[in-house]
Amino acid sequence: MYFLTAGESHGPQLTGIIEGIPAGLKINVEQINLALAARQGGYGRGNRQKIEHDQVQIVGGLRHGIALGSPLALTIKNRDHAHWSKIMDPISPETAENTLRRVDRPRPGHADLVGGMKYRHQDLRNVLERSSARETAMRVAIGSICKQLLNQLDINLIGYVQKIGKIEGSKDFPTNVEQIEKKITQNDLRILDTQQVTAIHELIDNTKRDGNTLGGIIRVVAENVPAGLGSYISWDTKLDAKLAAAVMGVNAMKGVAIGDGFTAAENFGSEVMDPITWNEGNGWSRLSNHLGGFEGGMTNGMPLIIQAAMKPIPTLYKALQSINLKTREVQKANVERSDTTAIVPASIVIESVVAIELAKIITDTFESSNMSRLQKEVTDYRQELKEY
Ligand SMILES: Cc1cc2nc3c(=O)[nH]c(=O)nc-3n(C[C@H](O)[C@H](O)[C@H](O)COP(=O)(O)O)c2cc1C
Ligand SMILES: C=C(O[C@@H]1CC(C(=O)O)=C[C@@H](OP(=O)(O)O)[C@H]1O)C(=O)O
């Protein structure tokens with residue numbers, strides 16, 4: 001299974017193509033739209049989300065709600081394009097009016113400067129438009145289809161916010177997806193601990209007032225993932241490595257950890273390894289889960305626990321120093337309309353890319369031309385593991 005996305009932030013639309021979704025998968029479009037709405041939400045978002053109302057159109061590979069096994073083609077309109085149609089016109093040449101939104105004072109923390117140097121763009125809008133996290137809307141749509149595939153194999157997962165700036169949610173980390181879901185939907189921060197909500201709202205408000213921005217930490221839990229996905233045989237077959245790459249591939253991610261992650265490095269081995277247990281009914285299991293469900297690059301049957309560290313949003317309304325590309329004068333960086341924090345939408349995006357990687361490894365591991373055959377193969381495999 002693989003996918004590709006195309007489209008600029010203020011262009012007409014985002015486009016996505018996924019190859020390798022099994023024929024017979026039931027796809028609920030409403031569920032995709034709910035995921036897209038969740039990605040648009042969250043406290044600290046900027047004004048762009050007042051314009052957008054993301055809805056997916058499936059224009060290939062689906063018939064009567066059932067995947068055909070052919071490539072799925074997806075589009076999401078950029079409503080804001082209506083205000084940018086001249087500036088982002090794919091065909092007509094640039095006019096004086098179009099140059100008004102040129103970007104020539106690269107923003108620190110963005111792809112602007114290096115993207116311009118590498119691709120020889122003089123208008124850094126040519127970089128900005130694609131490096132924007134607007135593209136993550138399409139990864140969420142694709143992720144939602146992958147999540148539906150996983151759900152139909154009884155695998156559940158969820159992403160939520162663990163920390164915003166220095167304020168942390170509950171450290172009592174549940175691994176039950178249903179329980180997490182109930183708790184995080186109670187607030188607009190997707191955080192487990194409602195005690196912290198007011199403090200975080202104040203932090204975001206004050207940060208916005210100061211022209212500054214915030215990052216945070218996201219946690220994803222996936223449960224009922226069968227043991228043995230991925231492999232210890234070669235470095236590039238390790239599933240934890242693939243997940244780390246997918247997570248780091250999301251805009252603004254600066255760190256990824258599996259299980260206890262960096263904290264494990266400080267502790268004794270006896271505090272980090274997860275003792276093995278077995279019983280007749282359930283087969284093999286562990287007494288703890290510090291290693292976040294991975295040993296030797298393979299899932300070990302325990303819930304997967306993945307953390308992602310997001311840097312603060314790079315565009316600052318109180319802009320930092322930059323250099324004007326043309327005049328070489330010291331000037332303040334360009335300011336584009338921006339979020340104060342995007343940790344909430346990012347938690348949906350990270351959940352989505354984890355779903356994509358899990359769907360990929362499952363469809364690559366098992367015969368997956370058809371969904372019912374895949375379901376049977378996974379059920380038989382689970383039984384075999386239990387009986388080992
Ligand atoms: C959901 C989401 C929304 C984002 N919104 C903004 C934003 O409004 N303004 C901004 O400057 N960066 C935003 N970012 C971050 C930038 O896209 C990202 O930092 C930039 O493309 C540079 O890439 P890098 O941080 O991965 O190096 C957002 C990221 C995500 C995941
Ligand atoms: C458009 C989205 O996020 C955008 C991501 C983004 C960036 O630089 O990454 C910058 C902002 O773009 P704009 O200047 O058009 O408001 C965000 O709004 C979105 O998430 O749908």
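Student: Which residues does Arg-45 touch, leaving aside residues up to four places away in sequence?

Tutor: Two residues are in contact if their C-beta atoms, placed from the backbone, lie within 7 Å. Arg-45 touches Asp-339 and Ala-342 on that basis. This is a predicted model, in which local features need pLDDT of at least 70, side-chain atom pairs count only at pLDDT 80 or more, and totals for chains, interfaces and linings use all residues. Residues are numbered from 1 along each chain as its sequence is written, while chains are lettered from A and ligands numbered from 1 in the order in which they are written.

Student: Is Arg-45 buried or exposed?

Tutor: A residue is buried if 20 or more other C-beta atoms lie within 10 Å of its own, exposed if 12 or fewer, and partly exposed in between. Arg-45 counts as buried because it has 20 C-beta neighbours inside 10 Å.

Student: Where does Arg-39 lie?

Tutor: Helices (H or I, at least four residues) and strands (E, at least two) are DSSP runs, numbered from the N terminus. Arg-39 lies in helix α1, residues 29–40, whereas Arg-45 is placed in the loop between α1 and α2 (48–51).

Student: Which residues does Arg-39 touch, with the sequence neighbours up to four places away not counted?

Tutor: Its contacts are Thr-136, Ala-137, Val-140, Pro-345, Ile-348 and Val-349. Arg-39 is buried, since 28 other C-beta atoms lie within 10 Å.

Student: What does UniProt list for "binding site"?

Tutor: UniProt positions are given in the numbering used here, feature names are shortened, and annotations may be inferred rather than shown by experiment. The unreviewed UniProt entry lists Arg-39 and Arg-45 under that heading.
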